[in-house]
Amino acid sequence: MRTRCIIIGAGHSGLAMSRCLSARSIDHVVLERGEIANSWKQERWDSLKLLTPNWQTRLPGMAYDGPDPDGYMAMPELIAFLQRYAGEISAPVEQNTRVSSVHYDGDTYRVATSRGNWQSDALVVASGACNRAQVPAMAATLPASMVMTTPLLYRNPDQLPQAGVLVVGASATGLQLAEEIHRSGRPVTLAVGEHVRLPRVYRGRDIQWWLDALGIFDQGHDEIDDLARGRSLPSPQLIGSREHEILDLNRLSALGVELRGRLAGFNDGKLQFSGSLGNVCALADLKMERLLNSIDEWATRTGLDSEIDASHRHPATRIDDSPALMMDPARQNIKTIMWATGYRPDYSWLQVPVLDRKGMIRHQGGIADSPGMYLMGMPLLRRRKSSFIHGAADDALELSAHLAGFLERKSRAARVRPIAGNLPQRADNPKPGLFIPRPSSPMGADLPA
Amino acid sequence: MTNITTSVDNGVNVEALLGAREALTEMPEAAAFKWRASCKWIKGTHSRSTVQGFFGLGEAQSHKTEFTFEADHPEIFAAEDNGATPVEMVLVGLASCLTAGVAAVAQRREIQLHSVSATLEAGMDLQGILGIDSDVRNGFDGIKVHFDIDADASEDDIRALVAQSQKRSAVFDIVTNPTNVSVEVN
């Protein structure tokens, strides 16, 4: 089967792109290994809610319209939202169609799936940023008696042995799971490396509102000083709960969770933790302070001060003077390790030579390093909000415009092609640029802006 | 802003460091360095270490001259005190690494430094190395670093400077994280 564009993945990113292609009457198909919103359905723990408030949950052509705009969606609500969206936009989704390989021959993307083969001129990879848990190599050195799990496998604490648990990682995932598991009566030790501390609510408004208002979410990939670092930042320590609670290390300490440094190794029967806990906490506290200062400055500048709660600060992260550096898991009755150490996309099916030495797709703002190939839904893909649902909306609008331009150039080149297949590749393969081209002026592209 | 950019000078060539960073991102194999030291026993606890050659950017490199370090122990250890103790040299390494980091980060953040001094203190229970109590470790039970910094920056910016310097410090990493050490004898 042949179509102009194949979208891989029917999550929020793939559906948003489908809506934008339909709006441009571009013939396409969305291939989905499972059902719509599959990862949200199959690969998330039971208690998870979105980190973004409902009012922010919007895709091109549809926004949350329920009774609780300040709440946070649980997974069943989000899945229903995405299913409804797929219906309203009449997305051409082929469910239960698992992609086994994608090849590019210089002209056509050839996609083999569990239900037949597809060909297309353009390809959108929207298969998600979190297909695999990123478990450090040292996991292999740990005793076989330890139960190891990841957030992709975990559903609720009842799955775990009734014993102590070491949670490794201090992102939103690590902190949420540490709290839930500790409250279930399984004492938790939390290994803390570099992390991002954010209050859920500041001066009476959701932190996501502030990040939006200050324009931080809209910072582009080309405005970020250290893009590689920005793309690998752990998710901020947030939880979406009815009470709008602040989830931070102080809260976990108060519950009795033991804080340790980054997990550094396993030697002689003992887990070793880094002595850098004080510094990673100081770094996170200082960065949060800086953000709150800029929020205060912005509120004053825009005359908001009198309308909202007074400025205030959060206590510094409290840690022991000398946190233990070693731990014998047997002696501490720790039987489980939860690797909340991040996720990776799975590109094992992708045979197009676009991967960098770290196995990530080379791209400029979502325009991949292969003609007509695009990427969606990755951290800081085009802007800071790219990994959020409302970020997919803007990214899809811009990338679909670029994609339409690509298809048009390709069609035009085909029309003037004297002998099929004999033209130099260059004409068909414009190098991906940093910026989305504006509609070209009839006078040519070189006019001053 | 341009004024500040040109006037801040902590003697750090940030452009060269950023250039190196970019180049080594493209050519990771050139980033593989080997640091070397050699040591000769003199007498008692007195030894002399030298440092000159190292490897980096794909080839053998060398310091401008050979540097020599005497190590010994104080007289209360029944030694001759010909030099600093090895554990004090670890403190020296940490102090100079963090201080260099402060200067580099300050330059990058366009903060003019006027003075930077660090004092370090490490606790150690001799029952460890003397084999009196096997529950006591040989090494430090902790290191305290105190920085006094005079710079054209707010207190928080200075604290952030020191935090970032720790984050990027090789010696800070070496002392806070375990490292495999393999020792061979011929």
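This is a short tour of a predicted two-chain model, stop by stop.

**Before you start**

Chains are lettered from A and ligands numbered from 1 in the order in which they are written, and residues are numbered from 1 along each chain as its sequence is written. In this predicted model, local features need pLDDT of at least 70 and side-chain atom pairs count only at pLDDT 80 or more, while totals for chains, interfaces and linings use all residues. The predictor gives the complex an ipTM of 0.80 and a pTM of 0.87.

**Stop 1: the domains of chain A**

Colour residues 2-131 + 345-428 of chain A as domain 1 and 133-343 as domain 2; such bounds come from an automatic or database domain assignment. Their C-alpha centres lie 30 Å apart. Where they meet, domain 1 of chain A contributes 22 residues and domain 2 of chain A contributes 24, a contact being two residues whose C-beta atoms, placed from the backbone, lie within 7 Å. The domain 1 side has nine nonpolar, five polar and eight charged residues. Here Ala, Val, Leu, Ile, Met, Phe, Trp, Tyr, Cys and Pro count as nonpolar, Asp, Glu, Lys and Arg as charged, and the others, Gly among them, as polar.

**Stop 2: a helix pair**

Now select helix 1 (residues 12-23) and helix 9 (residues 389-416) of chain A. Helices (H or I, at least four residues) and strands (E, at least two) are DSSP runs, numbered from the N terminus. The two helices pack at an angle of about 40°, with axes 9 Å apart; axes are lines fitted to C-alpha atoms, for helices over the stretch in contact, and angles run from 0 to 180 degrees between N-to-C directions. Show side chains at the contact: helix 1 of chain A brings residues including A:Ala16, A:Met17 and A:Leu21, and helix 9 of chain A brings A:Ala392, A:Ala396 and A:Leu397 among them. By class, this contact has ten nonpolar, three polar and no charged residues.

**Stop 3: the five-stranded sheet**

Next, find the open sheet in chain A with strand order 10-19-11-12-15 and parallel pairing. Two strands pair if DSSP finds at least two bridges between them. Strand 10 (147-149) and strand 15 (258-261) of chain A are the edges; each has a single partner strand, so one side of each is left without a neighbour in the sheet. From one strand to the next, the twist averages 20°. Zoom in on strand 10 of chain A, which pairs with strand 19 (residues 334-339) of chain A over three bridges. There A:Met148 stands opposite A:Ile337.

**Stop 4: a hairpin and the chain interface**

Move to strands 16 and 17 of chain A, which form a hairpin with two residues between them. Their pairing is antiparallel, over four bridges, and A:Gly265 has A:Gln272 as its bridge partner. In the turn, A:Asp268 has a positive phi of about 60°.

Bring chain B back into view. The contact between the chains takes 13 residues from chain A and ten from chain B. Strand 16 (263-267) and helix 8 (277-301) of chain A each give two or more residues to the chain A side, and helix 8 of chain A gives the most, with five.

**Stop 5: chain B**

Where pLDDT is low, the predicted coordinates should not be read in detail.
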